[in-house]
Every structure is written in C-alpha cells, then in structure tokens.
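Some notes on the model follow, as numbered points. Please read them with the structure open.

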Amino acid sequence: MLAPSADVTQFQLPARHFSWRARGNSLSFAFDERLKHQRWDLLIATSMTDLASLKGMAPHLAQVPSVIYFHENQFAYPGSDAQQGLIDRQLTSIYTALAADHLVFNSAFNRSSFTEGAGKLLKAMPDGVPRDVLAGLKTRVIPVAVQAPDDGGIGRAPLLRVAWNHRFEFDKGPALLLEIIKGLAGVNVEFVLLGERFRQVPAELEEAIHLLKERGQLAHDGYIASRDAYFEWLKSCHVVLSTAAQEFQGLAMLEAIQVGCVPMAPDALVYPEYVPAALRYDDAAGAVGLITRIAEGETVTYTGDISAYQSRNVRNAWQALLGEYGITLQ
C-alpha cells in the first residue's frame, strides 16, 4: 500500500529475546553488510530502534534523514511485575526521538503520553539536562490503516452479542472484564472471545470463561487465525467491548467498528479520539449499565468517525510527509 517509487529495503530482527532486542538492535543493524555498503535517501524505523547508537556506530547513516514511527511508547504502560529496564528503554526512546528528523505517532494519545512522560523523566534527573531539549521535536499523527471489510449489511445474531477481541494479557484488563461479566448475571447477552492466547492465561480470564460457559453466555471462545473467519465472527456481534488498561490506537476496536459493531470502551487512553462519550464508561458498573440497556431494547448507534484510519487517508498523510524527502508513493 505504501510502496514508494524508490527502492525499499527492509531490515528486521527475529521477534524474540525482548530485552536484548531493545538494547542490542543498533549493534545488530550497524554491522549488517547490506546496510553498510549502500547509499540511502531516507531511514524509517520503529520507536524500538536505538537510532542514536545506530547513527554513532554507522557514521554513513548520520546524515541520512530519519523518520521514527511510534506505534507505542514506553511511558504509558500500566504497572506490572516486569518493569526491569524500563527507565533505560524510556531514555533510549528519548535519545532516538532527538536523533530523528520526524516523529510519527499512531494517535494523539500516543504523542501526548510520550512527550509528557519524557518531559517528566528528564525533569526528575539530577542535573545536566539541556533546557527545553524536547521543544524542537517535529511530530505528526498518522495511524495504522484499518484493513477490514465494510459491514456489507450482514445480519447480526438474534441475541445481543458482545465481542472481546483482545490479547489474553494483563494490560488488556482481564480483571475489569471479569467484573463486567459478573455484573451481567441474568442479562440476555452472549460473548464472543477472539483474543490471541499465550502460554499463561490470566486467572481472571479463565474464571470469566468458566462463568460464561456455566451461564450459557459463551457463543465462541478461541483465537481465529483466518482473517476471513475472524471478520465473520465480528460481523455477527452487535457490540465490541474494550477493558484495556493500555491502548495506543486500538486496531481490534477499529476493525470491529469497520464491520458494524458498536464500540464500548473506558473513558481514557486513545478511545476519546474515536469512541463517542455516550459509549465510554468509567468503571465496570458503567459498562454493565450500557450493555444492559441495549439488551433491554435501547437502540444505540455509533456516531463517531474513523475516516482518518482508512487506507486512502493514511496514504495521503504519508505522502505529505514523504514528499518532504522527495519520495512519491505509487
């Protein structure tokens, strides 16, 4: 979709050994023979790249214009037991931002949480931090494009069906989901659980699944690798629910909205950017109330706007940026 008229070479490392990848990616890339012996017009990297170190170890890249894409940032994650090395990653992301010509974020929330978090961290340092060092950063928001079919008039299930299509991990709010499910006892509703699972499933999700099965409120439980089958399940749902404690864009929510689901999400994070206030909730009781009213016959429609996430508009936004470097998209 974003293939430019110039040649593109992609460099990537295997998705494993997170701590080493976060700290050692610049070393791995700097001595890659393919990267060393060619002239480059533009470098586009993710925010996990240690750009400052890369340019230091690969001097031929120091003068190459660089764009860093933030699909997340290290300042807006909920607390967990696995925070070792967090400040190091946060500082590295600041150095990367300062070494880049442009920063691109997938949401306004991502941008604001990064700049605010970076500012607070530098302010907490004992000395030697240049005044207004972050003031010169050039930033813009370009989301990841939503790749989902239109609703197409597909009929929904006869019973109110709620999709929860998030990773089975703690940052997606399993405890809040369980609390909401407990609050829906006796409500005429069923759930579709489509999130990706890993070796360890949060105990709250195991309890939620057991409770839904016991009540006969579980229409489907299981990750679906096939995109076509996944969208068919989403098209059968009336509501897509988020309980996330961390979300920088929310592709799963946007995909569900694209196929006709009404979103319900916490009144926080990125959600105010595309979920109307009437569909955002403050706590489990608020979510239970929204779902219950729909189950009892209240008509609720989505009145938000996700046109900025459509491929054509995302493409135009990238063209505006890349055009500054003499690159034209085909």
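1. The buried residues of helix H9 are Ala252, Met253, Leu254, Glu255, Ala256, Ile257 and Gln258; buried means under 20% relative accessible area, exposed over 50% and partly exposed in between, with a 1.4 Å probe and protein chains only. H9 spans residues 251-258, and since seven of its eight residues are buried, the helix is largely enclosed by the rest of the structure. Helices (H or I, at least four residues) and strands (E, at least two) are DSSP runs, numbered from the N terminus.

2. This is a predicted model, in which local features need pLDDT of at least 70 and side-chain atom pairs count only at pLDDT 80 or more, while totals for chains, interfaces and linings use all residues. Residues are numbered from 1 along each chain as its sequence is written, and side-chain values use heavy atoms, with hydrogens and water left out.

3. What covers H9? The cover over its buried residues includes helix H8 (227-235), S8 and S9, where contact means heavy atoms within 4.5 Å. H9 lies across S8 and S9 and runs at about 155 degrees to S9. Axes are lines fitted to C-alpha atoms, for helices over the stretch in contact, and angles run from 0 to 180 degrees between N-to-C directions. Just after H9, Gly260 has a positive phi of about 105 degrees.

4. Strand S9 (residues 262-266) is itself mostly covered, with five of its five residues buried. S9 runs parallel to strand S8 (residues 239-241), and three bridges join the two. Val239 is opposite Val262 of S9, and Val240 is opposite Pro263 of S9.

5. S8 and S9 belong to an open sheet of six strands, in the order S7-S6-S5-S8-S9-S10, with parallel pairing. At the edges are strand S7 (218-221) and S10, each pairing on one side only; two strands pair if DSSP finds at least two bridges between them. Helix H7 (residues 203-215) lies across strand S5 (160-164), strand S6 (189-193) and S7, at about 140 degrees to S7.

6. Helix H6 (residues 174-183) packs on helix H10 (residues 284-295) at an angle of about 45 degrees, the axes being 9 Å apart. That makes H6 oblique to H10; angles under 35 degrees count as roughly parallel, over 145 as roughly antiparallel, 65 to 115 as roughly perpendicular and the rest as oblique. On the H6 side Leu176, Glu179, Ile180 and Gly183 take part, and they meet Ala284, Ala287, Val288 and Ile291 of H10. By class, the residues of this contact are six nonpolar, one polar and one charged. Here Ala, Val, Leu, Ile, Met, Phe, Trp, Tyr, Cys and Pro count as nonpolar, Asp, Glu, Lys and Arg as charged, and the others, Gly among them, as polar.

7. Two residues other than glycine deserve a look at the backbone. Asp132 has a positive phi, near 55 degrees, and lies in the loop between helix H5 (108-124) and strand S4 (139-141). Asp132 is exposed, at a relative accessible area of 59%. Leu269 also has a positive phi, near 60 degrees, and its place is in the loop between S9 and strand S10 (280-281).

8. Is Thr92 buried or exposed? Its relative accessibility is 10%, so Thr92 counts as buried. Thr92 lies in helix H4 (residues 86-99). Neighbours within four places in sequence aside, Thr92 is in contact with Arg23 and Asp50.
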